[in-house]
Amino acid sequence: EVDRSRSIYELAISQPVLDMPEVLWKAYIDFEIAEGNRDRTRALYERLLERTKHVKVWMSFAKFEATRLADLAADAAEDDAEREAAAAAAEAAAAEDNEDEIRARSAAARSVYERGYRSLRQDQPDAKEEAVMLLEAWRAFEEEAAASGRGDPEAASRAVEAVQRRMPKRVKRKRPIVTDDGLEAGMEEYFDYIFPEEASNAPNLKVGQARPAPQTHKYLNTRVA
């Protein structure tokens with residue numbers, strides 16, 4: 001039955017055009033989580049990242065790496081019976097958790113956050129709001145790890161500070177309003193983010209200097225390559 005379900009999911013995600021691909025991929029990922037298979041789930045995330053580098057995929061991947069599978073299964077449970085069974089399994093898993101497993105999960109999550117941040121800044125430089133979203137999630141993860149009291153407190157504090165140093169400054173800018181006819185119709189204000197590497201690469205950039213509006217990125221296009 002499990003193999004049959006996997007075959008159906010594989011057939012579905014192989015379709016060239018999908019109406020709601022994010023729903024299908026999430027269902028497949030939740031299925032593997034429920035099966036308790038971390039390696040298969042990780043492989044699915046890697047395959048999904050070959051199709052889209054959306055920030056929500058990176059954040060979901062990092063959360064997956066940082067969290068016990070039993071806890072993820074409890075979050076994904078759809079009915080009361082499943083939730084009760086998953087909650088009991090999560091409680092049992094928590095009791096058996098050990099420091100080595102916690103460190104391994106944390107290291108894997110940091111690796112995903114690092115990859116995601118680099119991908120957004122290098123491949124989607126205009127996706128600044130998305131990069132900020134990922135940094136905020138990363139910082140929250142490091143703060144939670146530091147507050148847990150596990151491991152070296154100085155190392156935990158340095159990890160939080162390292163993420164904080166990557167946070168950009170939020171500045172107000174102005175840019176021209178261009179009509180559909182290509183005519184300028186005054187100026188508008190908008191907020192931009194200046195990341196540390198941008199500030200060091202362009203020290204003479206003025207805060208009020210106009211820049212193109214940040215691009216928006218959908219989770220997945222309806223057409224999947």
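Reader: In which helix does Leu135 lie?

Author: The model is a predicted one. Within this model, Leu135 is in contact with Val163, Arg166 and Phe195, among others, leaving aside neighbours within four places in sequence. The helix in which Leu135 lies is H8.

Reader: Does Leu135 count as buried or exposed?

Author: Buried means under 20% relative accessible area. The relative accessibility of Leu135 is 0%. That value falls under the cut-off, so Leu135 counts as buried.

Reader: How far apart in space are Leu135 and Tyr117, C-alpha to C-alpha?

Author: Tyr117 is among the residues in contact with Leu135 once neighbours within four places in sequence are set aside. In sequence, Leu135 and Tyr117 are 18 residues apart. In space, their C-alpha to C-alpha distance is 7.4 Å.

Reader: Is Glu136 buried, exposed or partly exposed?

Author: Glu136 also belongs to helix H8. Its relative accessibility is 40%. Exposed needs over 50% and buried under 20%, so Glu136 is partly exposed.

Reader: By what distance are the C-alpha atoms of Glu136 and Met167 separated?

Author: Glu136 lies in helix H8. Along the chain, Glu136 and Met167 are 31 residues apart. The separation of their C-alpha atoms is 8.3 Å.

Reader: Are H7 and H8 roughly parallel or roughly antiparallel to each other?

Author: Helix H7 covers residues 99–123 and helix H8 residues 128–147, and their axes come within 9 Å. The axes cross at roughly 160°. Angles over 145 degrees count as roughly antiparallel. H7 and H8 are therefore roughly antiparallel.

Reader: Which residues of H8 make the contact with H7?

Author: The crossing of H7 and H8 is left-handed. From H7, the contact takes in Ser106, Ala109, Arg110, Tyr113, Glu114, Gly116, Tyr117, Leu120 and Arg121. From H8, the residues are Lys128, Glu130, Ala131, Leu134, Leu135, Ala137, Trp138, Phe141, Glu142 and Ala145.

Reader: At what angle do H8 and helix H9 pack?

Author: Helix H9 spans residues 153–164, and the axes of H8 and H9 are 9 Å apart. H8 passes H9 in a left-handed crossing. The two helices are roughly antiparallel, and the packing angle is about 165°.

Reader: Which residues in H9 meet H8?

Author: H8 and H9 have axes 9 Å apart. On the H8 side, the residues are Leu135, Trp138, Arg139, Glu142, Glu143 and Ala146. On the H9 side, they are Ala156, Ala159, Val160, Val163 and Gln164.

Reader: Within what distance do the axes of helix H4 and H7 come?

Author: Helix H4 consists of residues 55–66. Val55, Trp58, Phe61, Ala62, Glu65 and Ala66 in H4 meet residues of H7 that include Arg105, Ala108 and Val112. The axes cross at roughly 170°, so H4 and H7 are roughly antiparallel to each other. The axes come within 7 Å.

Reader: How many aromatic pairs does the structure hold?

Author: A pair of aromatic rings is described by the distance of the centres and the angle of the planes. Ring centres must lie within 6.5 Å to count as a pair. The number of aromatic pairs in the structure is eight.

Reader: Is the aromatic pair of Tyr9 and Tyr28 stacked or edge-to-face?

Author: Tyr9 is in helix H1 (residues 2–13) and Tyr28 in helix H2 (residues 21–34), 19 residues apart. Their ring centres are 4.8 Å apart, with 10° between the planes. Planes under 30 degrees apart count as stacked, so this pair is stacked.

Reader: Which three residues form one aromatic cluster?

Author: Tyr28 is buried, with a relative accessible area of 3%. The rings of Tyr9 and Phe31 have centres 5.5 Å apart and planes at 45°, so that pair is tilted. Phe31 also counts as buried, at 15% relative accessibility. The cluster is formed by Tyr9, Tyr28 and Phe31.

Reader: Over the ring of which residue does the charged end of Arg175 sit?

Author: Arg170 lies over the face of Phe191, 3.7 Å from the ring centre. For Arg175, the distance from its charged end to the ring centre is 3.9 Å.

Reader: What pattern does the protein chain follow, read along the sequence?

Author: The chain has 225 residues, of which 35% count as buried. Its secondary structure comes to ten helices and two strands. Read along the sequence, the pattern is α-α-α-α-α-α-α-α-α-β-β-α.

Terms used: Residues numbered from 1 in each chain as written. Predicted model: local features only at pLDDT ≥ 70, side-chain atom pairs only at ≥ 80, totals over all residues. Heavy atoms only, no water. Phe/Tyr/Trp six-rings, centres within 6.5 Å; stacked < 30°, edge-to-face > 60°. Helix = DSSP H or I, 4+ residues; strand = E, 2+ residues; numbered from the N terminus. Buried < 20%, exposed > 50% of the residue type's maximum accessible area, 1.4 Å probe, protein only. Lys NZ or Arg CZ within 6 Å of the ring centre and 35° of its normal. Axes fitted to C-alpha atoms, helices over the stretch in contact; angles between N-to-C directions. Parallel < 35°, antiparallel > 145°, perpendicular 65-115°, else oblique. Left-handed = near helix turned anticlockwise from the far one by under 90°. Contact = heavy atoms within 4.5 Å.
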